[in-house]
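Good morning, and thank you for coming.

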Amino acid sequence: MNFTDNLSKILKKFDELSEKLATGILGDEFVKCSKEYSELEPIVEKINDYNKAFVDLTTTKDLAKEIGLDSDTEQMIYEEIRDIENILPILEREIKIALLPKDEADSKSAIIEVRAGSGGEEAALFAAELFAMYQRYAELKGWRFEILTIADTGIGGYKEASASIKGQNVFSKLKFESGVHRVQRVPETESSGRIHTSAATVAVLPEAEEIDLKIEEKDLRIDTYRASGAGGQHVNTTDSAVRITHLPTGITVAIQDEKSQHKNKAKALKLLRSRVYDAERYKKDQERALSRKDQVGSGDRSERIRTYNFPQGRVSDHRVNLTLYKIEEVLKNGQIDEFVEALIADDEARKLAEVI
């Protein structure tokens with residue numbers, strides 16, 4: 001089926017859904033038709049724009065064939081033809097992108113986890129900076145950033161930290177941040193001025209709700225223990241810390257940040273559910289991508305994806321070969337939109353290449 005036939009099929013389907021909804025159907029059928037209708041509506045708008053442009057092009061070309069047109073009118077007509085011919089491939093690409101299979105997790109909120117990698121205390125300091133970068137980015141987007149757990153080093157660094165980021169389409173924006181982030185700079189403790197390279201790992205998970213993944217109580221082992229580290233006398237007097245193990249997968253989450261065991265358990269369950277959900281998604285993605293050797297946003301957290309070079313003031317994303325010379329704006333102020341949009345565009349281009 002060619003592109004035009006496919007568009008006609010979509011328009012016919014949309015009209016059928018519209019007629020069905022107009023008849024007053026109820027119950028599950030109404031819910032199903034309404035969902036399908038709302039998903040097709042923005043695509044149909046793009047198709048109508050494309051069809052109108054195509055009709056306008058044909059009409060304008062016919063007009064250009066008329067005899068006796070003065071030179072100014074003729075020039076205006078040919079400019080209009082050129083404009084329409086330029087916009088048609090753009091509209092076609094937008095339609096094809098809209099028709100690409102959707103990642104069901106794209107509309108979800110997300111959980112982000114940052115862990116210090118190689119580089120000792122310098123890596124822990126970098127992990128803390130990355131975590132703050134995502135917090136600022138969330139603020140710029142109007143998302144709610146809720147810290148789940150932080151294991152700090154006591155001198156400003158984080159061994160690991162996690163947060164829930166709630167908002168519309170959070171996962172679709174942040175999913176390509178998963179991977180190894182590398183920093184190159186002279187640490188404050190380095191007396192000889194030698195540049196060190198350190199790393200931190202970022203994992204972005206779609207925040208799973210109970211409707212997405214039901215976890216049975218029988219599949220959980222819940223241990224409570226006394227919290228350790230900063231927190232005053234309280235941490236030594238009650239078993240407030242919680243560790244939950246998902247027995248079928250072996251995935252374990254431990255939370256001790258709150259004074260309340262109940263709150264720690266709720267946070268641990270939220271994080272556990274998202275990790276198990278992400279593991280299932282990753283397994284399915286791997287099965288689908290067996291034939292692909294290279295895939296942007298594959299979620300491979302051993303993949304080095306971005307370098308933050310302080311001496312040169314640059315941030316480079318190695319997947320899309322994009323370098324920005326504004327390290328302060330990116331790392332300190334959370335201005336990562338240029339990377340986010342470039343990665344989304346690159347992912348769409350790859351997917352289009354697979355279906356065309």
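How are α2 and α3 oriented to each other, roughly parallel or roughly antiparallel? Let me first say what we are looking at. This is a predicted model, in which local features need pLDDT of at least 70, side-chain atom pairs count only at pLDDT 80 or more, and totals for chains, interfaces and linings use all residues. Residues are numbered from 1 along each chain as its sequence is written, and side-chain values use heavy atoms, leaving out hydrogens and water.

Now to the helices; helices (H or I, at least four residues) and strands (E, at least two) are DSSP runs, numbered from the N terminus. Two packed helices are described by the angle between their axes and the distance between the axes. Helix α2 (residues 27–64) and helix α3 (residues 71–98) have axes that come within 9 Å and cross at roughly 155°. Axes are lines fitted to C-alpha atoms, for helices over the stretch in contact, with angles from 0 to 180 degrees between N-to-C directions. Therefore α2 and α3 are roughly antiparallel to each other, a term for angles over 145 degrees.

Next, the sheet. Eight strands form an open sheet with mixed pairing, in the order β2-β3-β1-β5-β4-β9-β10-β11; two strands pair if DSSP finds at least two bridges between them. At the edges stand β2 (144–152) and β11 (322–324), each with a single partner strand, so one side of each has no neighbour in the sheet. Strand β10 (residues 314–317) runs antiparallel to β11, joined by three bridges. Aspartate 317 has leucine 322, in β11, as its bridge partner.

Finally, confidence: pLDDT, the predictor's confidence in each residue from 0 to 100, averages 84 for the protein, and 89% of the residues score at least 70.

Conventions:
Parallel < 35°, antiparallel > 145°, perpendicular 65-115°, else oblique.
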